[in-house]
Amino acid sequence: MNTPILLNLTTRPEPYPPHVRERLELDAKEIITRYPHPRSALLPLLHLVQAEEGYVTGTGIDFCADHLDLTGAEVTAVATFYSMYRRTPTGDYHVGVCTNTLCAVLGGDAIYEALRQHLGVSHGETTPDGAITLEHIECNAACDYAPVMMVNWEFFDNQTPESAIAITDALQAGHQVRPTRGAPLCTFRETARILAGFPDERPGALDGAPGAPTLAGLEVADQDSTGDQR
Ligand code: FES
């Protein structure tokens with residue numbers, strides 16, 4: 001007997017209320033004018049709608065499609081390709097534990113498991129208080145500080161299960177938490193708006209220099225090239 005193919009059809013998304021759409025249209029216009037072709041603004045526009053609702057909804061997809069002369073299918077294809085666009089509601093703090101190879105063997109798997117048990121949520125889920133969404137994430141090009149954890153895409157270097165739990169406890173208690181480098185944390189929605197291309201006005205957001213582990217390879221290369229010249 002043939003297996004039936006079930007289609008999960010949903011209703012059309014509700015458009016944004018007029019006052020929200022009006023505000024988003026001003027932001028979208030500012031973003032789109034930065035690009036030679038409107039469709040090139042899709043990635044920041046997806047961050048913009050993610051900033052509105054905490055994830056990319058059907059309403060957000062329709063909004064992007066309407067303003068960039070794309071189909072909903074084209075926008076959906078992009079939104080579901082990149083993991084920074086979330087398709088389910090997100091807590092105030094998106095906690096991503098790198099479980100890619102180097103971080104995993106240096107403790108990333110243990111950190112993820114400790115947080116999963118401590119918070120009582122699994123990959124992609126949010127704590128009941130709406131504070132934290134836990135995910136395991138791929139390499140964030142910070143292997144020199146492995147194992148790393150990211151909160152709203154800010155780095156927390158050289159973590160342990162204990163330090164990671166202390167960070168999530170502080171976040172759930174509403175305390176200000178500073179990443180190892182970069183600016184003080186803001187909420188996931190505020191982060192999404194910055195990623196849409198609006199100014200990052202947090203103190204120290206534009207500061208920072210590469211740390212010693214990052215420069216170690218360069219120093220070795222410098223020493224080798226000096227030795228070659230001798
Ligand atoms: S493997 Fe974790 S940052 Fe590269």
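Is Asp 69 buried or exposed? Asp 69 is exposed, because 10 other C-beta atoms lie within 10 Å. The cut-offs behind the word are these: 20 or more other C-beta atoms within 10 Å of a residue's own make it buried, 12 or fewer make it exposed, and anything in between is partly exposed, with C-beta atoms placed from the backbone.

The model you are looking at is predicted: local features need pLDDT of at least 70, side-chain atom pairs count only at pLDDT 80 or more, and totals for chains, interfaces and linings use all residues. Residues are numbered from 1 along each chain as its sequence is written.

## Overall layout

The protein has eight helices and four strands. Here helices (H or I, at least four residues) and strands (E, at least two) are DSSP runs, numbered from the N terminus. Read from the N terminus on, the elements come in the order α-α-α-α-β-α-β-β-β-α-α-α. The C-alpha trace spans about 65 × 50 × 45 Å along its principal axes. Of the 230 residues in the protein, 29% are buried.

Contacts are worth a look too. Two residues are in contact if their C-beta atoms, placed from the backbone, lie within 7 Å. Among contacts with a separation of 6 or more, 61% are between residues 24 or more positions apart.

Let us start with helix H3, which covers residues 58-68. Its buried residues are Gly 60, Ile 61, Phe 63, Cys 64, His 67 and Leu 68. These residues lie on the same side of H3, because they cover an arc of only 160 degrees around the axis. The arc is that of the directions from the helix axis to the C-beta atoms. As for partners, the buried residues of H3 pack against helix H1 (18-32), helix H2 (42-53) and helix H4 (72-81).

After H3 comes Asp 69, the residue of the opening question. Asp 69 sits in the loop between H3 and H4, and its phi is positive, about 55 degrees, although it is not a glycine.

Axes are lines fitted to C-alpha atoms, for helices over the stretch in contact, and angles run from 0 to 180 degrees between N-to-C directions.

| Pair | Crossing angle | Axis distance |
|---|---|---|
| H1 and H2 | roughly 155 degrees | within 10 Å |
| H3 and H4 | roughly 120 degrees | within 8 Å |
| H5 and H6 | about 40 degrees | 9 Å |

To put words to such angles, those under 35 degrees count as roughly parallel, over 145 as roughly antiparallel, 65 to 115 as roughly perpendicular and the rest as oblique. A crossing is left-handed if the near helix is turned anticlockwise from the far one by less than a right angle, and right-handed if clockwise. For residue classes, Ala, Val, Leu, Ile, Met, Phe, Trp, Tyr, Cys and Pro count as nonpolar, Asp, Glu, Lys and Arg as charged, and the others, Gly among them, as polar.

H1 and H2 are therefore roughly antiparallel to each other, and their crossing is right-handed. Val 20, Leu 24, Asp 27, Ala 28 and Ile 31 of H1 meet Pro 44, Leu 45, Leu 48 and Glu 52 of H2. By class, this contact of H1 with H2 holds seven nonpolar, no polar and two charged residues.

H3 and H4 are therefore oblique to each other, and H3 passes H4 in a right-handed crossing. On the H3 side the contact is made by Ile 61, Asp 62, Cys 64 and Ala 65, and on the H4 side by Gly 72, Val 75, Thr 76 and Ala 79. The residues of the contact of H3 with H4 divide into five nonpolar, two polar and one charged.

Helix H5 (residues 101-119) and helix H6 (residues 161-172) pack at an angle of about 40 degrees, which makes H5 oblique to H6. H5 passes H6 in a right-handed crossing.

## Loops to inspect

Asn 152 lies in the loop between S3 and strand S4 (154-156). Its phi is positive, about 50 degrees, although Asn 152 is not a glycine. Asn 152 is buried, because 24 other C-beta atoms lie within 10 Å.

Pro 147 is located in the loop between S2 and strand S3 (149-151). A cis peptide bond, with omega about 0 degrees, joins Ala 146 and Pro 147.
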